[in-house]
Amino acid sequence: MRIAILGASGNIGRSLAAFYSQDSRNKLFIFGRSITKIRSIFDKYNISIIGEIASYEDFSKYQYDLILNCIGISDPRALISGENEILAITEYFDNLVIDYLANNSEAKYIFLSSGAIYGAEFDTPVSSDSKFSIEVNNIPGNSFYAISKLYAESKHRSLPQYNIVDLRVFGFVSKYVDIESKLFISDLARCLLNREIFYTSGESFIRDYITVNDIAQLIDKVSVQDRINTPLDLYSKGEIEKFELLTRVREEFQIDFIIDDKFSSINSSGRKNNYFSRNYAAKSIGYAPQESSISGVVMEFKELLSLNI
């Protein structure tokens, strides 16, 4: 299969590149704003591909069976500083792919969306009946990320002639995690690598962490559909509460944690006490997650330690 990956320097992008490079039948086309940065990241993690590493200017030169758009901002600090740019960035690269589909309508386009599309507040998990609500006369900056995803998905539904699936990610864990990011899971991974105590606030929350294996499983289910144009929420075999996760990590890796409320988290797109989905529409095309949040975290953290980075 000929697979294009946009945003390959990011956490999900490089994880998918590494996953699909394991099958020699795949030819990968890796795109990013800096070829040098991509090569540096791939060298760091020993990711070797069969295919091309190119700039976005060359995107239209090749033929693809599957296009994975992993472009986005996941680091809360970067999201806050770049909130005024996220709408334009999302639209530009989305249009790049849609222009390609105009002449290559058989290709499958996977847009990595986000659970943030449901809004800023997650007092309860979302479901197929959830709604997005916003003050239209007072749109806050921390809503731009969700709006960028909502606009892209709306545009995709207006193009039913193309095979476009929006995969909404709520949480992701990988051995290729960016330990400099300020996501909770990145902070925890950094303490694991550095053998440091993990400091956190007393605030509890529930997360659903997906591994690349399960994302790829759903992508593969999409790729064999004759015609498909729909959003799908990603979910694991089971979500995890914050202190249950920390306790298990302490047991597995001997990394202790200390509760100190001065270590508050960055809520770049709203508070997410229950950031996971009960929308199981992906089951209809055969998706069956293999890992739970806790088994996925333990597995990926063990592989992270084996990388010796």
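How many bridges join strand β8 to β10, and do the two run parallel or antiparallel? In this predicted model, strand β8 (residues 206-207) is joined to β10 by two bridges, and the strands run antiparallel. Strands here are DSSP runs of type E with at least two residues, helices are runs of H or I with at least four residues, and both are numbered from the N terminus. Two strands count as paired if DSSP finds at least two bridges between them.

A few ground rules come first. Residues are numbered from 1 along each chain as its sequence is written, and side-chain values use heavy atoms, with hydrogens and water left out. As the model is predicted, local features need pLDDT of at least 70 and side-chain atom pairs count only at pLDDT 80 or more, while totals for chains, interfaces and linings use all residues.

Back to β8. An open sheet of three strands has the order β10-β8-β12, with mixed pairing. Its edges are β10 (240-241) and β12 (274-275); each has a single partner strand, so one side of each lacks a neighbour in the sheet. Arg207 has Ile240 in β10 as its bridge partner. The charged end of Arg207 also sits over the ring of Phe205, 4.1 Å from the ring centre. For such a contact, NZ of Lys or CZ of Arg must be within 6 Å of the ring centre and within 35 degrees of the ring normal. Lys272 does likewise, with its charged end over the ring of Tyr275, 5.3 Å from the centre.

Strand β4 (residues 66-69) is covered on both faces: Leu66 and Leu68 on one side, and Ile67 and Asn69 on the other, are all buried. Buried means under 20% relative accessible area, exposed means over 50%, and partly exposed is in between (1.4 Å probe, protein chains only). Strand β1 (residues 2-6) runs parallel to β4 and is joined to it by four bridges, with Ile3 opposite Leu66. Strand β5 (residues 108-114) is also parallel to β4, again with four bridges, and here Leu68 has Ile110 as its bridge partner.

Now for the rings. The structure holds 23 aromatic pairs. Rings of Phe, Tyr and Trp (its six-membered ring) pair if their centres lie within 6.5 Å; planes under 30 degrees apart are stacked, over 60 edge-to-face, and the rest tilted. Phe31 and Tyr64 are edge-to-face because their planes stand at 85°, with the ring centres 6.3 Å apart. This pair links distant parts of the chain, 33 residues apart: Phe31 is in strand β2 (residues 27-31), and Tyr64 is in the loop between β3 (51-54) and β4. Phe31 counts as buried because its relative accessibility is 1%, and Tyr64 is buried too, at 6%. Tyr56 and Phe93 make a tilted pair, 4.6 Å centre to centre with 55° between the planes. Tyr56 lies in the loop between β3 and β4 and Phe93 in helix α4 (residues 86-101), so the pair ties together parts 37 residues apart in sequence. Ring pairs also link residues into a cluster, whose members include Phe29, Phe59, Tyr62 and Tyr100.
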